Amino acid sequence: MEHIILENDIVLLRPIESEDIEAIAEAAKDERIWEHMQVDLATKEAVEKYVGKAVQERKEQVSYVFVIIHKKTNRIVGCTSFLDLVLDHKRLEIGGTWLNPSVWRTPVNTNCKYLLLSYCFEQLQLNRVQLKTAHTNKKSQRAIERIGATKEGVLRNHIIRPNGTIRHTVMYSIIKEEWPAVKERFLHELL
């Protein structure tokens, strides 16, 4: 994947870079962000490792992490990613999304998802985009369902969290045949 920049009036998504460490560390300090996540970026050392890994994996075309810049403040407020890239089969996952609580329950995440999905279906011409979340993260499940993704099921005992507990993973997808209706919903109800 080339250098991808996605933006509208609300957010700018651009590739994560080493120069973003300080701004990400500032955005990631709040412990509430990490309750349901597989990573915890509450320390600068964790952010340094996260950014280094993200830059390397982009070079290897394993994943593609974006910083989320809230245009109202021109500050990084989180990150989101293309994961599980299988472009030969025209599919990928949107995931690893985290946001600073200052933008929770605002249009930021919805606008991010719209830009990412538009790029996936209209530029990359994908057949499938999947999203997944923890079985305990009801807020995330509601948000994914709100944008029009179809719940496919639950992968039981899927992941061992850093604290040793077991996470079941709730799987969702949007397929190319559904994109026109999902896009219409974004444009008329969600954005």
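Before we set off, one term: a residue is buried when its relative accessible area is under 20%, exposed when it is over 50%, and partly exposed in between, using a 1.4 Å probe and protein chains only. The model on your screen is predicted, so local features need pLDDT of at least 70, side-chain atom pairs count only at pLDDT 80 or more, and totals for chains, interfaces and linings use all residues. Residues are numbered from 1 along each chain as its sequence is written, and side-chain values use heavy atoms, with hydrogens and water left out.

**Stop 1: the whole chain**

Show the chain as a cartoon. You will find 5 helices and 8 strands; here helices (H or I, at least four residues) and strands (E, at least two) are DSSP runs, numbered from the N terminus. Starting at that end, the order of elements is β-β-α-α-β-β-β-α-β-α-β-β-α. Along its principal axes, the C-alpha trace spans about 45 × 40 × 35 Å. The radius of gyration is taken over C-alpha atoms, and the globule rule is 2.2 Å times the number of residues to the power 0.38. For 191 residues, a compact globule would come out near 16 Å, and the chain agrees with its 16 Å. Of those 191 residues, 46% count as buried.

**Stop 2**

Side chains of opposite charge can pair when their charged atoms come close. A salt bridge is a side-chain nitrogen of Lys or Arg within 4 Å of a carboxyl oxygen of Asp or Glu, and the structure holds 12 of them.

Select Lys 71 and Glu 7. Their closest N and O atoms are 2.5 Å apart. Lys 71 sits in the loop between strand 3 (64-70) and strand 4, while Glu 7 is in strand 1 (residues 6-7), so this pair ties together parts that are 64 residues apart in sequence. Lys 71 is partly exposed, with a relative accessible area of 35%, and Glu 7 is partly exposed at 46%.

Next, select Arg 58 and Glu 17, which form a salt bridge of 3.2 Å, N to O. Arg 58 belongs to helix 2 (residues 44-59) and Glu 17 to the loop between strand 2 (11-15) and helix 1, so parts 41 residues apart in sequence are tied together. Is Arg 58 buried or exposed? Arg 58 counts as buried, at 16% relative accessibility, whereas Glu 17, at 25%, is partly exposed.

Then pick Glu 152 and Arg 128, whose side chains meet at 2.8 Å, N to O. Glu 152 is in strand 7 (residues 150-160) and Arg 128 in strand 6 (residues 128-134), 24 residues apart. Glu 152 is partly exposed, at 43% relative accessibility.

**Stop 3: helix 3**

Select residues 108-123. Helix 3 has 16 residues and reaches 22 Å from its first C-alpha to its last, close to the 22 Å expected at 1.5 Å a residue; that expected span is 1.5 Å times one less than the number of residues. How many residues of helix 3 are buried? The count is 13 of its 16, which leaves the helix mostly covered. After helix 3 comes Gln 125, with a positive phi near 55 degrees.

**Stop 4: a pocket**

Finally, select the residues that line the second largest pocket: Ala 23, Glu 26, Ala 27, His 70, Thr 73, Arg 75, Ile 76, Val 77, Asn 100, Ser 102 and Val 103. Helix 1 (21-27) and strand 4 (75-86) are the elements that give two or more residues to this lining. A pocket, on a 1 Å grid over the protein atoms alone, is an open set of points where a 1.4 Å probe fits, with protein on both sides within 12 Å along at least five of seven lines; lining residues have an atom within 4 Å of a point.
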